[in-house]
Amino acid sequence: MFIPVAALDLGFGHTKMAKRFSYNPHLTDFSSFPSLAPRSIKSDAKIHDDLIEQIYTVHVKGVAFSVRPHVKLVAGGAAGAGRALNEDYPTTVNYKALFLGALAHLEATQIEVLVMGLPVNTMKKHKNFVLN
């Protein structure tokens with residue numbers, strides 16, 4: 001689906017998304033999920049099948065990560081699921097996994113304008129990283 005305008009904000013607590021639909025410029029969809037990106041979840045337990053189907057798997061540097069709203073219910077306290085609470089958070093693989101998961105969540109084939117919420121307190125430090 002073509003999306004004329006989308007916005008992403010990858011926060012420490014939640015990853016937030018907004019998109020405007022091309023067929024109705026007055027309609028905006030808002031959604032979010034916990035900013036958790038554990039290594040890919042696989043479960044043999046039938047009770048989790050429906051939840052696992054609602055989780056995106058994204059790949060960063062050869063590692064599979066699980067993201068989306070229900071990941072917290074299935075992952076529990078999975079190692080590597082937490083947030084990196086430091087000023088280098090935007091350069092972590094978890095941050096990139098959340099970014100890719102948010103893009104997947106938008107279900108877009110093309111985005112004309114993408115607006116990103118970035119951590120203001122580290123903007124100077126990570127300016128070149130973000131621009132590249």
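Colleague: Which element gives the most residues to the lining of the largest pocket?

Modeller: That is helix H3, with 5 residues. A word on the model before we go on: it is predicted, so local features need pLDDT of at least 70 and side-chain atom pairs count only at pLDDT 80 or more, while totals for chains, interfaces and linings use all residues. Residues are numbered from 1 along each chain as its sequence is written, and side-chain values use heavy atoms, with hydrogens and water left out.

Colleague: How is a pocket found, and what is its volume here?

Modeller: Rolling a probe the size of a water molecule over the atoms shows where empty space is left. On a 1 Å grid over the protein atoms alone, a pocket is an open set of points where a 1.4 Å probe fits, with protein on both sides within 12 Å along at least five of seven lines; a cavity is a set from which the probe cannot get out, and lining residues have an atom within 4 Å of a point. Grid points are joined across faces, edges and corners, and the volume is the space filled by probe spheres set on the points. Here the largest pocket holds about 350 Å³.

Colleague: Which residues lie nearest the centre of that pocket?

Modeller: Pro90, Tyr95, Lys96, Phe99 and Phe129 do, out of 14 lining residues. Helix H3 (93–106) and helix H4 (123–131) are the elements that give two or more residues to the lining. By class, the lining has 10 nonpolar, 2 polar and 2 charged residues. Ala, Val, Leu, Ile, Met, Phe, Trp, Tyr, Cys and Pro count as nonpolar, Asp, Glu, Lys and Arg as charged, and the others, Gly among them, as polar.

Colleague: Is phenylalanine 129 buried, exposed or partly exposed?

Modeller: Buried means under 20% relative accessible area, exposed over 50%, and partly exposed in between, using a 1.4 Å probe and protein chains only. Phenylalanine 129 counts as partly exposed because its relative accessibility is 47%. This residue lies in helix H4. Leaving aside neighbours within four places in sequence, phenylalanine 129 is in contact (heavy atoms within 4.5 Å) with Pro90 and Thr91. The C-alpha atoms of phenylalanine 129 and threonine 91 are separated by 7.7 Å, with the two residues 38 apart along the chain.

Colleague: How many helices and strands does the chain have?

Modeller: Helices (H or I, at least four residues) and strands (E, at least two) are DSSP runs, numbered from the N terminus. The chain has 4 helices and 6 strands, in the order β-β-β-α-β-β-α-α-β-α.

Colleague: Which residues touch the most other members of the largest nonpolar core?

Modeller: A nonpolar core is a set of buried Ala, Val, Leu, Ile, Met, Phe, Trp, Tyr and Cys residues joined through side-chain atoms within 4.5 Å. In the largest one, with 18 residues, Val67 and Leu98 touch the most other members. S1, S4 (56–60), S5 (63–67) and H3 each give two or more residues to this core, and H3 has the largest share, 5 residues. Beyond its neighbours within four places in sequence, leucine 98 is in contact with residues including Leu10, Phe33, Leu36, Val67 and Tyr89. Across the chain of 132 residues, 33% count as buried.

Colleague: Where is lysine 61 found?

Modeller: Lysine 61 is in the loop between S4 and S5. Its phi is positive, about 50°, although lysine 61 is not a glycine. Lysine 61 counts as exposed because its relative accessible area is 75%. Glutamate 107, likewise not a glycine, has a positive phi of about 55°, and is found in the loop between H3 and S6 (110–117).
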